[in-house]
Every structure is written in C-alpha cells, then in structure tokens.
Amino acid sequence: MQKTAYYRLENETQREFSAGIKEICQEGLVLEIGYLKEYVIYLNCCRNGALSEEQERSDVSDLVYDQVLEYLNGKRRIFDFPYQMIGSEFQKRVWQKLCEIPYGETRTYKEIAEALGKPSAGRAVGMACSKNPIWIAVPCHRVIGADGSLTGYAGGIDMKRALLQLEQETAAYK
C-alpha cells in the first residue's frame with residue numbers, strides 16, 4: 001500500500017553559496033515522498049504546501065529527506081535511496097539517460113534524443129522529463145533548450161535555475 005510523507009524544507013539549507021535555494025525554500029517548500037514499503041515511487045516538491053495530517057514517515061522517507069537536504073546544502077551529488085520508476089519503456093530510457101548527466105553539467109533535449117538513437121524525438125524527451133516522478137534524484141533540471149535557455153520544469157524555472165546554479169557552484173569546490 002502506498003504511503004506519503006511530508007517534510008518542510010523551509011530554513012533547512014545552510015551553505016553560503018546556495019542563496020537561490022535558500023530563497024526558494026523560504027517560500028514554504030514542502031517535500032512530498034510517496035513510497036511503498038522499501039522504495040520510493042515519487043518525490044515531489046510543492047510551494048506553500050501544507051503538511052498533511054494523513055502521513056506516515058518511515059526509514060525510507062527519512063533517508064530521502066536527509067539526502068535531499070544534503071544535496072540542497074551542496075554535500076551530495078548522487079542519490080542512493082531505493083526507488084522504482086513507473087512509466088513507459090521510452091520514459092524509463094529517457095530517465096536513465098538523465099541519470100547519466102554529470103553533476104554540474106547540462107544536456108539539451110536533442111542531445112538526450114540523439115543519445116537514445118532517436119534524433120527527432122526532442123519533444124518526446126521533453127514530455128518524458130515532464131513526467132519524471134523522482135524530483136532532483138533523476139535530474140531533469142539538467143536538461144535545457146537547444147539555445148541554452150531554461151525551459152519547462154515541474155518545480156518552475158526559478159527552481160531549475162537555482163538547482164543548476166547550486167550544482168555549478170558546488171562542482172567547482174570538489
């Protein structure tokens with residue numbers, strides 16, 4: 001049976017160079033973690049979200065929360081909490097390619113499509129990114145437009161910009 005846990009991210013980021021993340025987190029960000037007994041099935045971030053009374057935290061949801069905080073504080077580059085991606089075969093292939101984008105780097109939708117052997121599937125890659133159920137850990141924020149512009153992101157363009165800035169700044173320190 002699916003369970004959901006909620007964690008407030010407000011005032012949780014401490015690193016000096018994560019000002020963009022601090023600003024966004026101060027807007028009342030709530031991390032929503034959907035999970036089954038031993039693995040996560042979705043990870044979402046909501047602005048001005050209310051913590052639901054109907055929730056059940058667990059070891060796995062606490063692990064995800066801790067790892068997301070470490071990431072937002074510039075102390076984590078790779079996530080190792082257990083998760084299961086639910087989607088079409090094409091979506092799963094796209095999400096796997098997203099996980100191959102190195103921390104602090106970006107790729108275009110077209111580059112992802114080409115890496116999948118489907119050079120004309122840039123829009124389909126964008127649609128798969130929009131359906132990504134595991135926010136941050138499967139880094140769709142690292143995918144940009146062909147002209148380098150920041151395009152659609154479920155968490156909003158400000159969040160995408162802040163995550164990319166965080167990664168670019170912290171990548172220089174390691």
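## Ground rules

Buried here means under 20% relative accessible area, exposed means over 50%, and partly exposed is in between (1.4 Å probe, protein chains only). This is a predicted model, where local features need pLDDT of at least 70, side-chain atom pairs count only at pLDDT 80 or more, and totals for chains, interfaces and linings use all residues. Residues are numbered from 1 along each chain as its sequence is written, and side-chain values use heavy atoms, with hydrogens and water left out.

Serine 58 sits in the loop between β3 (40-46) and α2 (59-72); helices (H or I, at least four residues) and strands (E, at least two) are DSSP runs, numbered from the N terminus. Its relative accessibility is 18%, so serine 58 counts as buried.

What does serine 58 touch, leaving aside residues up to four places away in sequence? Tyr7 and Tyr35, with contact meaning heavy atoms within 4.5 Å. Lysine 37 is 21 residues apart from serine 58 along the chain, and their C-alpha atoms are separated by 8.7 Å.

## The sheet and its helix

Three strands make an open, antiparallel sheet, ordered β1-β2-β3; two strands pair if DSSP finds at least two bridges between them. β1 (3-8) and β3 are the edge strands, each pairing on one side only. On average, neighbouring strands are turned by 15° against each other, direction ignored; axes are lines fitted to C-alpha atoms, for helices over the stretch in contact, and angles run from 0 to 180 degrees between N-to-C directions.

β1 and β2 (residues 30-35) run antiparallel, joined by six bridges. Threonine 4 stands opposite glycine 34 in β2. α2 packs on the sheet, touching β1, β2 and β3, and its direction makes about 140° with that of β2.
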